[in-house]
Protein chains: 2
Amino acid sequence: MPAYVLGHKIPDSDSICSAIALAHLKNSIGESAAPARLGELNPETAFILDTFGLEAPALKTSFAGESVYIVDHSDRAQSPDDLSEATILGIVDHHKLGDITTSAPLECWIRPVGCSNTIIKEMYDYYGIEIPKAIAGIMMSAILSDTVIFKSPTCTPLDIAAVEALATIAGVEDAKAFGVEMFKVKSNVQGTPVRELVMRDFKDFDMGGKRVGIGQLETVDLSVFDPIKADLQADIARLKAEGERHSVCLLLTDIMQEGSELLVVSDDLSLVENAFETALVEGRAWLDGVLSRKKQVVPPLEKAFA
Amino acid sequence: MPAYVLGHKIPDSDSICSAIALAHLKNSIGESAAPARLGELNPETAFILDTFGLEAPALKTSFAGESVYIVDHSDRAQSPDDLSEATILGIVDHHKLGDITTSAPLECWIRPVGCSNTIIKEMYDYYGIEIPKAIAGIMMSAILSDTVIFKSPTCTPLDIAAVEALATIAGVEDAKAFGVEMFKVKSNVQGTPVRELVMRDFKDFDMGGKRVGIGQLETVDLSVFDPIKADLQADIARLKAEGERHSVCLLLTDIMQEGSELLVVSDDLSLVENAFETALVEGRAWLDGVLSRKKQVVPPLEKAFA
Ligand SMILES: [Mn+2]
Ligand SMILES: [Mn+2]
């Protein structure tokens, strides 16, 4: 029976590509492993897999009785609901340390870098395993996605070096140009239901005992959201009520302007205003320079909710 | 201001030697770091530092406002009381993943091996930093201690390889023979107050909401405890009452016979009997083959308390 390698709920490109890359590495060192996904592929991830000719991992949401490797998260809110009934063999992640615990020793490769795939690149090097061309391509893509083509404050020299090495293996001449193509796919919102957009990259957090949902949409041109901004606001209000959330934030991130428009609904808007030292107008504010949910949005909110 | 590197409360040799070794590595790669200890040195650790001519880390128990690296544990019960007011930069550990969480990304080097110093050896290799002779000596000693000279079921080929490499650097010809000398020091109980013996290597665990204390004394000859066994039992009963614990276990581990005599006081002895599938006689039982608290004592107890 293989160990499953799984990322977080509402998978992003890093979660999917890490699962594939780590499963391949484990199989290469003699441990049977298979990638899994907890939800639908987003259009960016579908584009990446399509570009490099790889299949999506099988959809699997229950892991009771299985052995698993966790990638790209370490908190229960983002894990399978029955994770406590699985045996966690390891965690590869680049976020803050979450509330997952284990009852046996495990391996954790957690680093303060921009992307889980940067760490998996380090693991391939550690074990001296060659990265197949297609897998190098998806690893490179995930790093470009998570670091917003190196613009995010989460990006480190290790991420840039990993992309350079992976691009060479994958035969991609201009990794940054490929990244812009990828973000254009991500920016395409036409014809997509509003709920699907809001949920495309949405994570729930426990902040001082309150449930806070934070979604993020990245675009190369913020004006694509103009016709649907009111609909997005109405939808996050519904999402707040449905999930008994204290607050829901949606970041509309413009990677060219390098900042995010924040849309908020909350039981206490002043908490959010205090977190970002800004005044909300009709539940909106422009956060200049804010590109990273993990590094620039979650920490100030957690502080304000503490 | 340096980052402090600290092990667990009631420090064992691994906690002290890891703190020294990791602080040296961090300084070598340009990060200012200083080792700290949360409590008194035990006789084994004092012997190790004395043998290789190194100073004990400074005693420090409060870390509010400081940056820290955590070694040899990942749970709050074993951490400084004000850890939540410190910034955790990283964790190096070989136990099950505990309940420490962070509010920012960090580095975790956690591996299912026999000793934290085995992982720190890997880190020195990763960064290409030479290990000074004395530090190699204490790292080797800690691995011999944690793995009970390779006899513990927690011992892995990586631990043995690390000891071999470190012994060469330290100029120790026969690492195993050195280990036996070290365990003789550890076995010396004459003239030591009973409470001091019980606390020499004592850890509290949260098991299904109950506080369970587990101490361990390792010896090369179990009979050294014969004259004081009744006193040890009386003392763990006091310790149970003082700390509002549900249970206190004390393992008297004979590393030559390869097993442990278990002494127990508990609000529910049957839980402990179920955990080890054994009958207690006057609160005692011989657990054949049991050398590792982490791998052979904590998991069955946790299961029984769940
Ligand atoms: Mn990621
Ligand atoms: Mn240890």
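## Exercise 1: The two chains

Task: In this predicted model, find how many residue pairs are in polar contact between chain A and chain B.

Solution: With both partners at pLDDT 80 or more, the count between chain A and chain B comes to six residue pairs in polar contact. Then widen the view to contacts of any kind, where 25 residues of chain A meet 25 residues of chain B. Together the chains bury about 2,100 Å², with 63% of that on carbon and sulfur atoms. On the chain A side, A:L97, A:P105 and A:C108 lose the most area to chain B, together 28% of what that side buries.

## Exercise 2: The metal site

Task: Identify the protein donors of the manganese ion (ligand 1).

Solution: Start at the ion and list the donors: A:D14 (OD), A:D72 (OD), A:H94 (NE2) and A:D146 (OD), lying 2.1 to 2.3 Å from it. Now read their spacing along the sequence, which is D-x57-D-x21-H-x51-D. Take one pair from this set: A:D14 sits in helix α1 (residues 13-28), while A:D72 belongs to the loop between β4 (67-71) and β5 (87-93), 58 residues apart, and the pair links distant parts of the chain. Finally, check accessibility: both A:D14 and A:D72 are buried.

## Exercise 3: An annotated span

Task: Locate the "domain: DHHA2" feature in chain A and describe its make-up.

Solution: The unreviewed UniProt entry places this feature at residues 179-305 of chain A. Within that span, 39% is helix and 29% is strand. Its end C-alpha atoms lie 35 Å apart.

Technical notes. Residues are numbered from 1 along each chain as its sequence is written. Chains are lettered from A and ligands numbered from 1 in the order in which they are written. This is a predicted model: local features need pLDDT of at least 70, side-chain atom pairs count only at pLDDT 80 or more; totals for chains, interfaces and linings use all residues. Side-chain values use heavy atoms; hydrogens and water are left out. UniProt positions are given in the numbering used here, feature names are shortened, and annotations may be inferred rather than shown by experiment. Helices (H or I, at least four residues) and strands (E, at least two) are DSSP runs, numbered from the N terminus. Donors are N, O and S atoms within 2.8 Å of the metal (3.2 Å for Na, K and Ca); water is not among the atoms, so sites may look incomplete. Buried means under 20% relative accessible area, exposed over 50%, partly exposed in between (1.4 Å probe, protein chains only). Contact means heavy atoms within 4.5 Å. Buried area is the accessible area (1.4 Å probe) that two parts lose on being put together, summed over both. A polar contact is a pair of N or O atoms within 3.5 Å; within protein, one must be able to donate a hydrogen and the other to accept it, and residues adjacent in sequence count only if both atoms are side-chain atoms.
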